[in-house]
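Subject: Model handover

Hello,

Please find the structure below, with notes on what came out of it.

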Amino acid sequence: MSSSPKSAEKVSDLDGRPPESTDFANYFCTYAYIYHQKDMLEDHKRTGAYYQAVLSNKRQFQGKVVLDVGTGSGILAIFAAKAGAKKVYAVEATNMAKNARQLVEHNKLSHVVEVIQGTIESIELPEKVDIIISEWMGYFLLRESMLDSVLVARDRFLAPGGALYPSHASIYMAPIRSNLAAQRTSEFQNSMEGWAEFLHEMQHYYQVSLDVLSDGYRSEQKDYYLHTSQWTDTHPQQLLGPAAPIIKYDLNKLTLEELKAPLKSEFVMHMTDGGPVDAFCGFFDVLFKGSDENPTDNEIRLTTAPDPTGATHWGQQTFPLHPPIDCAPGDRLRVSVEVTRRADNQRLLHVKAAVSVEGNSIYAEQSKTPREFRWNIE
């Protein structure tokens with residue numbers, strides 16, 4: 001499928017520019033399809049949390065001017081209008097803006113909601129806004145880097161004392177038991193066996209040796225199978241200890257420069273069960289608390305933590321450990337982690353971790369040098 005970022009028909013007189021073509025191809029294009037919006041809308045933990053954050057805080061929205069950054073289908077703008085906002089600017093970079101406008105009209109809210117097509121960085125608004133609402137979160141919170149645009153919108157358009165929905169966000173990691181690491185190792189080995197057969201066939205059929213490419217192929221496959229995190233629906237029974245926070249953000253105060261800088265954190269995970277630790281499980285939560293000047297009446301939390309009833313569409317990111325880390329109940333895992341944006345695609349992430357075992361067990365005694373791991377979040 002393809003959908004051009006260009007659009008001849010204006011959605012609003014306030015329309016801005018479309019996304020840059022490469023960024024559109026890497027990121028925005030999927031959001032231009034209704035099927036993708038459906039996937040997000042039917043995640044009722046997600047959509048329900050936003051509904052409760054808005055509709056259980058009607059006092060904060062009544063008579064206010066609201067900006068929805070990345071409105072998609074327009075659902076959050078519609079919630080804001082239903083809560084009593086006097087004006088909602090719903091900004092969408094893709095052609096989904098036309099569907100959002102159609103949905104707004106169908107729900108008879110055009111007198112409140114104005115859909116604007118263009119990137120948030122390129123549009124102009126005729127007034128400051130009291131509230132910015134956005135569903136910007138990606139895998140492991142930061143994948144997709146859409147929070148950048150929310151902070152740009154905050155700095156450009158939010159009135160003093162205004163509120164962000166959500167207002168706070170945190171990332172966590174937990175030690176888990178998982179067969180993913182063993183599965184991925186097996187898949188890597190199968191891939192290399194397939195490569196050996198391929199080399200033999202090329203030599204046999206065409207008398208051409210491709211052996212010189214083996215190191216490059218092995219490196220590619222190793223990165224893919226052993227150094228890439230995976231979307232998972234992790235069950236709480238897989239946890240070997242409680243999750244530890246990596247970082248907590250106050251989105252009212254976070255700067256764009258701080259966000260773009262490498263995320264460096266050191267934390268400790270306490271082992272309640274013995275190892276081996278097969279993987280780390282990464283997830284996030286966001287809080288809807290408003291601002292200091294305009295706090296919510298009802299604080300709402302949206303979490304992507306392991307849940308026995310099933311995952312949100314974000315799932316969790318599982319970071320397999322090759323080989324697993326041995327430890328005993330009562331041990332501690334001391335982790336230094338660094339999260340950076342990928343050089344080849346700023347919307348994707350690279351994670352490095354150094355892990356050592358602390359405590360009174362034989363495993364802690366043997367853990368003199370931290371073990372190092374790395375993963376890509378695709």
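Predicted model: local features only at pLDDT ≥ 70, side-chain atom pairs only at ≥ 80, totals over all residues.

Residues are numbered from 1 along each chain as its sequence is written, and side-chain values use heavy atoms, without hydrogens and water.

Domains. The assignment gives domain 1 (22-135) and domain 2 (170-284 + 309-377); such bounds come from an automatic or database domain assignment. Taken over C-alpha atoms, the centres of domain 1 and domain 2 are 34 Å apart.

Helix pair. Helix H3 (residues 44-55) and helix H5 (residues 75-82) pack with axes 9 Å apart, at an angle of about 25°. Helices are DSSP runs of H or I with at least four residues, strands are E runs of at least two, and both are numbered from the N terminus. Axes are lines fitted to C-alpha atoms, for helices over the stretch in contact, and angles run from 0 to 180 degrees between N-to-C directions. H3 and H5 are therefore roughly parallel (angles under 35 degrees). On the H3 side, the contact (heavy atoms within 4.5 Å) includes Tyr 50 and Val 54, and on the H5 side Leu 76 and Phe 79.

Backbone. The peptide bond from Tyr 165 to Pro 166 is cis, with omega near 0°; Pro 166 sits in the loop between strands E5 (158-165) and E6 (168-176). Gly 275 and Pro 276 are also joined by a cis peptide bond, with omega about 5°. Lys 108, not a glycine, has a positive phi of about 55°.

Regards

Note on methods:
Parallel < 35°, antiparallel > 145°, perpendicular 65-115°, else oblique.
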